[in-house]
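Please open the model in your viewer and keep the selection tool at hand. We will go from stop to stop, and at each one you will be told what to select and what is there.

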Amino acid sequence: MSAVKEDVRVAFRAVKSSSDLLSEQTRRESSAVSYPKRIPIAIASASGSYIHDIEGRRYIDFLTGAGVLPLGHNPPALIDIARDQLGVLVHGLDFPTPAKSDFIEAHLSMLPESLRGKYRIHLCGPTGADAVEAAIKLAKLNTGGGEVISFFGGYHGCTQGALSLTTDRDMKRGLSNLLPGVHYYPYSYCYACPFGLERASCKDACANYFARSMKDSHNGIGDLAAVIMECVQGEGGAIPVSKALIQEASRFCQENGVPLIVDEVQTGCGRTGTWFAFEQYDIEPDIIVMSKAVSGIGTPCSFILYKERLNTWPAGKHIGTFRGNNIAFATGAEFVNEMKSKRILENVRSRSDQVVDALGSLAEKHRFIGDVRGRGLLLGMEIVDPESKERSPEIAKYMQKYCLDQGLIVELGGRNSSVVRLLPPLNVSQQTVADALDIIMAACEAVSMKLALDQNSFFFTDYVI
Ligand SMILES: Cc1ncc(COP(=O)(O)O)c(C=O)c1O
């Protein structure tokens, strides 16, 4: 692009303010737009752990494109590779290419040593939901069964099949005829135990319930195709599965020839401190679903890894025009190399300790922080009313807004959107984490002051855009 054109482009951009772009969006785009309603900014550019809005305000980004930017925005080495690949090949359907070969080799090399050589890869359409669809179809084809077990709080995407496995009632309301034959089981949400038990005395109630009901000839479940679960529920509010529950599910699947699908769309690629979250649970999934971070820079891509014995489907059984994103393949291979060479998993673990220690101290001081949990850099605080201990979406929303005003982007999730979620880049620095924690600390102080003055004031914190 010539210098003159570039000037024109910059000038054109500068003409519109953030609020111009936000109101233009409200006028022109779907009413289903979601993030800007909670985080009303228009993004001009981004780099590393930071986003800049049109007015030049800088925000620490602890949302990172909902977890698709493991190395932050525009990591220079990967951007160079993307640029080079642009001139070589962009779209390759499912033809073999050198970039795809490197990508597959890199990702397969991240399987734990004992599992290497046991899995095939199937590249899917670009979204996590499409990979979930592929996993369910593959499981159905192999078992002849049609029913699926999913877990309370699970999120698997928004296409109709994936949404059927998802448990958020608001997302499903009004959409009849989703996939039939999905059964939902309690998940180890120990802070608000589905059985109403105290954490210390629950004795793995959800694992035992799962085991008992699977033995019950009158449990109402027909022929199963799969059990699907997240090792740490992301959208569900940063909730790790208990070892007992996932191991029970795995044992049941093995004994009954039912494929266990682990949805690593959000947890994969090191987000939880190991490359795959399932590595922390001593299980061997039959199908692993991957997306979000796999390309390293947010260029869309997804795939499933599945056990060799499941490789029974005929050519063309699960296709998708956009399953050959060679920019994603090229950057994804280098992303894996960087994760290894720069020992980024170690950073995930130490930054995780830094955040968890700080939030733990905050929870001791502030009674509205009900729980601090998660794994690696998939973390959250459940926000509650300090008196009733009911979830408090109002306080959570206030905290999100306060953080945004002070230059930190955080997301809300979980039941009633009452969990403040933190998803920093995996290579985030100690200093950036410290800066973000300062803002969270200030937000907590502001909540405390507000609570001391007038609890009801939390009901009036919505943005108007
Ligand atoms: C665990 C999990 N599965 C599936 C999906 C769906 O991915 P996508 O939004 O790319 O369809 C998500 C998205 O957040 C997710 O967190």
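Which helix gives the most to the shell around the ligand? Select helix α7 (residues 128-143), which supplies three residues of that shell and is the greatest contributor; helices here are DSSP runs of H or I with at least four residues, strands are runs of E with at least two, and both are numbered from the N terminus. Before going further, note that this is a predicted model, in which local features need pLDDT of at least 70 and side-chain atom pairs count only at pLDDT 80 or more, while totals for chains, interfaces and linings use all residues. Residues are numbered from 1 along each chain as its sequence is written.

Next, show the whole shell: 15 residues surround the ligand, and the closest are Thr127, Gly128, Ala129, Gly157 and Val265, where a residue is near a molecule if its C-beta atom, placed from the backbone, lies within 6 Å of it. If you colour the shell by class, you will find five nonpolar, seven polar and three charged residues; Ala, Val, Leu, Ile, Met, Phe, Trp, Tyr, Cys and Pro count as nonpolar, Asp, Glu, Lys and Arg as charged, and the others, Gly among them, as polar.

Now colour the two domains, domain 1 (3-67 + 344-460) and domain 2 (78-341), whose bounds come from an automatic or database domain assignment. Their centres, taken over C-alpha atoms, are separated by 26 Å. Where they meet, 24 residues of domain 1 are in contact with 22 residues of domain 2, contact being defined as C-beta atoms, placed from the backbone, within 7 Å of each other. On the domain 1 side, at least two residues each come from α4 (64-67), α13 (344-365), β13 (369-375), β14 (378-383) and β17 (419-422), and this side has eight nonpolar, nine polar and seven charged residues.

Select Ala135 and Ile304, which touch the most other members of the largest nonpolar core, a set of 123 residues. Both domain 1 and domain 2 give residues to this core, so it lies between them. A nonpolar core is a set of buried Ala, Val, Leu, Ile, Met, Phe, Trp, Tyr and Cys residues joined through C-beta atoms within 7 Å; a residue is buried if 20 or more other C-beta atoms, placed from the backbone, lie within 10 Å of its own, exposed if 12 or fewer, and partly exposed in between. Leaving aside neighbours within four places in sequence, the contacts of Ile304 include His122, Cys124, Ala131 and Ala135.

Move on to strand β2 (residues 50-53) and strand β3 (residues 58-61), which pair in the antiparallel sense over three bridges, pairing being counted when DSSP finds at least two bridges. Here Ile51 stands opposite Tyr59 in β3, and in the four residues between the strands of this hairpin Gly56 takes a positive phi near 90°. β3 also pairs with strand β15 (residues 408-409), this time in the parallel sense over two bridges, and Asp61 has Ile409 of β15 as its bridge partner.

Finish with two loops. Lys292, in the loop between β11 (287-290) and β12 (302-307), has a positive phi near 40°. Is Lys292 buried or exposed? Lys292 counts as buried, because 26 C-beta neighbours lie inside 10 Å. Val33, in the loop between α2 (18-28) and α3 (35-38), is exposed, because 12 other C-beta atoms lie within 10 Å.

Notes: Contact = placed C-beta atoms within 7 Å.
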